[in-house]
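Thanks for coming. Please look at the screen.

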Amino acid sequence: MKERTKDIFKLLKKKTTEYLGDLSEKPMTSTEVIAKKLGLTRTVVSKELNALYKDNLLIKINTRPVIFLAMEGALVQLLRKEYPDLSSFYKDYHEQRIEMYLRKIIGWDRSLKKQVEQIKASLVYPENGLPTIIFGESGTGKSFFVRCAYEYAVAAGILDTNAPFVTINCAQYANNPELLSSVLFGYTQGAFTGATEAKDGALLKANNGILFLDEVHRLNPEGQEKLFTYMDTGKFTLLGDDAHKISSNTRLMFATTEKPDRFLDTFLRRVPIRINMPTLEERSFFEKKELINNFIMIESKRIKRPIKVTNKALLTLYEHIYVTNVGEVKNLIKSIVATTYSNQITNRTIKISTHDLPDIFYKDLENNISHKKVPMANLEAVFDWQSKKQKFAGENDPIVSKLKQAWKYIKKMDNQQIRDSSKYVFFVKNLMNHLYFSVVKSDDVMFTHTINETQKILKLMQYDEEIYENSNFVYGISVYIYYVLNANLDWTSNVEISSGLKQLFAKQYTFIEHVQPLLEKEFEVVFSQSDLLWLAMMIFNERVPDFSTPVVVMAHGYATASSIADTSNGILRYPIFHGIDMLPSASAEDMAESLKKVISRTKPSKGIVIMVDMGSLSTVAKNVTRILPYPMLLIDKVSTPIAIDVGNKLQQGRSLEEIEQGIARTKYKCLFLNGQATRPNVIISTCMTGIGTAEQIQKLLTKSFQGIIQVEVITCEFSDLKRGISEEKNKYNVLGIIGIDDPGISDVPYLGLEDIISGTKMEELKAMLLPISSTEAIKKAEQQLIKNFSLNRVMDSLTIISPEKVMPVLEKFIAQVKKDLKKPLNNKTQIALYVHLGSMVERLVRGEGIKTFKGDNESIIRDDVFSVLKSCVSVLEDPFIIKVSDPEIAYIREIIVNS
């Protein structure tokens, strides 16, 4: 980060801290204020702030003027990066700030998700919450869990800010239950020998707060009875005075290392929330890793030095079995750091290797050597309390350079439109083999876990043994997850992928998409499109299931369809079945919409089988054929045996026609619809002036539909169309004709290009495309059409700026204006803006800006539209280092208000 950028970020962070201290309504520091404070121009500051925002270091609030916030800690990761207004930010900030207290618990969204939901339920329950008891071995984090719950309750307003939190460890009174009872309930003067004065107990001290009794099993039966009397009535008595009842509004939380049978049944019946805390070994490997990393970071902050841990030492810490759970981890790491720190007190960075580990780890090290699990010693991790993150040496590993180089070659071949799959597979396989044999295999502890979990996921997905027992397949995916995704090498997400390259590996890409959600959840990673493509190329030579013909089971009733689908997937080890459970009241439109959602997710390419329960066949046939242009086999009276039979035949490669012929000889009804999908979907472009203009229209439409709507645009001579299109209808599913002149084909809809672009015939275009697309996709294609149509016109006015460079900036500006104005701009206005803005940017870059508005700047109308435009012009100014004057803004305003 440049010094100038650091200064801006530091100042903004300071101002943000002040601003969020009381969430005041005073205006936040603006770009102008920062510029003045640091002696910089507004344009420079705006450019730097937008760059920091793009790097996900700032939060942006689209007020007028725009507000940027610089925040630290985990909270900023949970907030959105952009908000439409301050109220939206306040709401999100408040909610996330409250949740942060529970999210300090490692595993809050994984192994401890249920436990967190239970503790929240106990706190938010009306009136005084619900008593809660936490069962778990020593060191599993019960006390920390309750403390976080208390902080959450205060932040959420469930408890007052000064609400008491009183803790009693009942184990301290193990040999004196009477003393425990007096500490808990309080006592009167003379209640026992030594009671020289009355004293309040914990139950009263915790009034309007929380009383936490740790090791509550130490409370004797009499104490338990007295406590559940309080739970029933909200009242208790002091030791030495059974007549006087005292009220308290205290929430009770208990923890114990014992089993439930150590308590009176009458006591446990009054504790409705029972939470079981898992041992450290019962939690996921990645949570264990996160806990260890977190404790090292805490110690880094304590000693105010970075801590560097060798890979061998770190893996030994991860692998060790901690008998007394999280508590042991915390104490061991504290001891290791303290000892190492005392020996290296003059060092700027404290380095921990296996030599610094206590004797209890030697057996682990010996086992690793005997099993040849020797990690590479040159790898290490640095835990720096100031940057609040770990930096793993893998980021500087030469393998990273090799990965980047491989993508460079892949991108080059893609740009040259090389479609020989073996050339791409060669680069990927070569690098993955190098990764496995030279790096990952040595890190046996973590990698073995990754392999095992990947294999479990493939089994869970109901694939057959040929998939999950394929070592090349499983190891390949595991290598990529472990080394690339788990090392946060996020540069791969920036690689652009062409649709042609993606199509080359479509079958494998689809398979990876199927397993993506479970892999992401298990390993806490995020796959980009380039990650998916890399894995698709890697498994190209392996057998993967064919998902091109899915089977959808639709049935009325609770879990009927999903049960048949799951059973069929499990028996066949061929997960192509998808269940849709319908309510008895489901309409034909509801059924069609549910089908459409499944189809958009499964992306069938060869057709689809739809199995329905009795009486739905004709209804489905009538309603789906008009929206789903696929070859379809519809089967009535769905059951598990017929589903398995159909799945088995699909697995054997039988066509839908063959399956239909077999079913026709049984008692089941079926209907085969050879759908329009057997012929390519096309739009015909034409023009009376000649095929050249039609080809220009074809290019424009193709570019606008590409990657959004699966339709081919073909050209046809106008005179040929006038004679009819029977030949085209035989070869294609003709959706319509788009051109400059109407050929007058009675049964094929025609749309004029200008009518579409101006927006006057968008409903007609939507009707033309809906059978093969969605409303959202059509809207997206419309925006692309406007942009591409405008590009052709903008190109005519630009000489020194590349249209490809200016168009994305104009697109971003127009999108921001629409958002801030909170109203749509029609197509005609958007095109006018593209053309005008392109010309304006060119003029300003040349230094030929307009000085006055219609000869008189006093006539500039500075209304809300003008204010919105003025707040948005930095989007245009920063990339081209220009200044948009008020007269220029006034002319832009005229285009908008006069549309």
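The largest nonpolar core has 71 residues. The members that touch the most other members are Phe511, Trp534, Val609, Met611, Ile635, Val646 and Leu650. Helix H20, residues 471-485, gives the most to this core, with 10 residues. Keep in mind that this is a predicted model.

There is also a second, separate core. That one has 59 residues, including Leu700, Leu753, Ile756 and Val875.

Back to Val609. Which residues is Val609 in contact with, if we leave aside its neighbours within four places in sequence? They are Thr549, Pro550, Val551, Val552, Leu633, Ile635, Val646, Leu650 and Leu656.

Val551 stands opposite Val609, which is in strand E19. E17 and E19, residues 608-612, run parallel and are joined by 4 bridges.

E17 has another parallel neighbour, strand E18, residues 577-582, and here there are 6 bridges. In E18, Phe577 is the bridge partner of Val551. How does the chain get from E17 to E18? It passes through helix H24, residues 560-572, and this β-α-β crossover is right-handed.

As a reminder, strands of a sheet pair through backbone hydrogen bonds, either parallel or antiparallel.

Now to an open sheet of 4 strands. The order is E23-E22-E24-E25, and the pairing is parallel. Which strands stand at the edges? They are E23, residues 712-715, and E25, residues 750-752. Each of these has a single partner strand, so one side of each is left without a neighbour in the sheet. From one strand to the next, the twist averages 30°.

Strand E22, residues 681-686, pairs with E23 in the parallel sense over 4 bridges. If you want a place to look, find Ser685, which stands opposite Thr715 in E23.

A helix packs on this sheet as well: H33, residues 762-769. H33 touches E22, E25 and strand E24, residues 733-739. The direction of H33 makes about 155° with that of E24.

To recap, we have seen a core of 71 residues, a separate one of 59, the strand E17 with its parallel partners E18 and E19, and an open sheet of 4 strands with helix H33 packed on it. That is what I have for today.

Terms used: Residues numbered from 1 in each chain as written. Predicted model: local features only at pLDDT ≥ 70, side-chain atom pairs only at ≥ 80, totals over all residues. Heavy atoms only, no water. Core = buried A, V, L, I, M, F, W, Y, C linked by side-chain atoms within 4.5 Å. Buried < 20%, exposed > 50% of the residue type's maximum accessible area, 1.4 Å probe, protein only. Helix = DSSP H or I, 4+ residues; strand = E, 2+ residues; numbered from the N terminus. Contact = heavy atoms within 4.5 Å. Pairing = 2+ DSSP bridges. Axes fitted to C-alpha atoms, helices over the stretch in contact; angles between N-to-C directions. Right-handed = clockwise from strand over helix to strand, strands pointing away.
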